[in-house]
Amino acid sequence: CNVERLAVHGESIGGMVASHAAAHSPPSYVDMLIVDRTFTNLGAVAQYLVGGWTRGGIKIFTCWNTDNISNYKAAACYKVICSDVDDEIIAEPGSLKSGLAMSLELGDLELVQPSNPREYAISEATR
């Protein structure tokens, strides 16, 4: 197609698809990855929308890997993360931005999720 430069963009669940596409494309095929208001994994989204018990259920019932962090980190291109702390679907602690920061800092994805999702919002409101 004579395309010399390609950017991949995904919003919400599309961010997971875009990260996967950028990470698994031939080298230098994708020049830029833009993920917009996406999540760490589906378990994180379910945990904050429904409750902590759903995190295990998502692992059992999904037949694909929803780890967005490893795909994002594996993409060998320029990357941009767009995030919204007031997003009503993707809670800030479950966002790719927060999950990526925690995994880089702590190196353990199980430590990404606080026990009470409202603790984060309360701490932000008291500053």
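**Charged side chains and rings**

Visitor: At what N to O distance do the side chains of Arg5 and Asp31 meet in a salt bridge?

Guide: A salt bridge is a side-chain nitrogen of Lys or Arg within 4 Å of a carboxyl oxygen of Asp or Glu. This is a predicted model, where local features need pLDDT of at least 70, side-chain atom pairs count only at pLDDT 80 or more, and totals for chains, interfaces and linings use all residues. Side-chain values use heavy atoms, without hydrogens and water, and residues are numbered from 1 along each chain as its sequence is written. Arg5 and Asp31 meet at 3.5 Å.

Visitor: How many residues apart in sequence are the parts that this pair ties together?

Guide: Arg5 lies in the segment before strand E1 (7-11). Asp31 sits in the loop between helix H1 (13-24) and strand E2 (32-36). Helices (H or I, at least four residues) and strands (E, at least two) are DSSP runs, numbered from the N terminus. So the pair ties together parts that are apart by 26 residues.

Visitor: Is Glu92 buried or exposed?

Guide: Buried means under 20% relative accessible area, exposed over 50%, partly exposed in between (1.4 Å probe, protein chains only). Glu92 forms a salt bridge with Lys97, at 2.8 Å between the closest N and O atoms. Lys97 is partly exposed at 36%. Glu92, at 4%, is buried.

Visitor: Which residue lies over the face of Tyr72?

Guide: A charge sits over a ring if NZ of Lys or CZ of Arg is within 6 Å of the ring centre and within 35 degrees of the ring normal. Here the distance from the ring centre is 5.2 Å. The residue is Lys79.
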